[in-house]
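Look over the sequence and the coordinates first.

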Amino acid sequence: MSPARRANTEASRLDSHLGFWLRFVSNHVSAGFAAALEREGVAVSEWVALRYLFDGDGASAGELIDALGMTKGAVSKLVTRLEERQLVARRPDDDDRRGQVLTLTRQGRALVPRLARLADDNDAYFFGHLPAAQREELIATLRDIARRHLLRTVPVD
C-alpha cells in the first residue's frame with residue numbers, strides 16, 4: 001500500500017466526528033428557522049434582539065451588543081431597521097443623559113410570541129421524535145459544553 005493511501009485510511013472519517021454532526025444538524029435547524037422567519041420579514045439577528053428585549057423592561061445598546069455578540073455598528077443598523085418597522089423604540093435613559101433605552105413597541109411585543117411559535121415549531125420538526133427525557137439530556141449536555149468553554153454570545157446568523 002502506498003504511503004498516501006495508508007495515510008488516507010489512517011485518518012478518521014469526517015462523519016466520525018461529533019463536531020461534524022453538531023454542525024450538520026445545526027445548519028439544517030438554523031436554515032429551517034431562518035426560512036420561517038424570512039417569511040415573516042424578520043432576520044435571525046432581529047429575532048434574537050426582539051426576544052432579548054421582550055424579556056426585560058428595556059436595554060441599552062451596549063447591553064444588546066453584549067447579548068448578541070455583534071459590533072456597535074451592526075447593532076445600530078439592526079435597531080434602526082426595527083425602529084423603521086415600528087417594532088422598537090428609543091427613549092432617553094433616566095440614569096444617563098447621553099444614553100438611550102431600547103424597548104419593544106406594542107407591535108414588537110405582539111410579534112415576539114408569534115415568532116416564538118415558529119421557533120417551537122422548528123424544534124418540534126427536528127427534535128419532536130425524541131422522547132422528552134432525551135431532548136432534556138441533549139440540552140443539558142450542550143449547555144454543559146457551552147459553560148465549560150465559556151461560550152456566551154448568541155449565534156445570530
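Predicted model: local features only at pLDDT ≥ 70, side-chain atom pairs only at ≥ 80, totals over all residues.

Residues are numbered from 1 along each chain as its sequence is written, and side-chain values use heavy atoms, leaving out hydrogens and water.

**Helix pair.** Helices (H or I, at least four residues) and strands (E, at least two) are DSSP runs, numbered from the N terminus. The axes of α3 (residues 44–54) and α5 (residues 72–84) come within 10 Å and cross at roughly 80°. Axes are lines fitted to C-alpha atoms, for helices over the stretch in contact, with angles from 0 to 180 degrees between N-to-C directions. The two helices, α3 and α5, are therefore roughly perpendicular. Angles under 35 degrees count as roughly parallel, over 145 as roughly antiparallel, 65 to 115 as roughly perpendicular and the rest as oblique. Contact means heavy atoms within 4.5 Å. On the α3 side, Ser45, Glu46, Ala49 and Leu50 make the contact; α5 brings Leu78, Arg81 and Leu82.

**Helix α4.** Buried means under 20% relative accessible area, exposed over 50%, and partly exposed in between (1.4 Å probe, protein chains only). In α4 (residues 61–68), the buried residues are Leu64, Ala67 and Leu68. They cover an arc of only 85° around the axis, which puts them on the same side of α4. That arc is taken from the directions from the helix axis to the C-beta atoms. Their cover includes α3, α5 and β2 (100–104). Gly69 follows α4, with a positive phi near 65°.

**Core.** A nonpolar core is a set of buried Ala, Val, Leu, Ile, Met, Phe, Trp, Tyr and Cys residues joined through side-chain atoms within 4.5 Å. The largest one has 27 residues, and Trp47, Leu50, Leu68 and Val88 have the most contacts inside it. Helix α3 gives the most to this core: six residues.

Beyond its neighbours within four places in sequence, Thr103 is in contact with Asp57, Gly58, Leu87, Val88, Ala89 and Arg91. Arg148 and Val44 are 104 residues apart in sequence and 26 Å apart in space, C-alpha to C-alpha.
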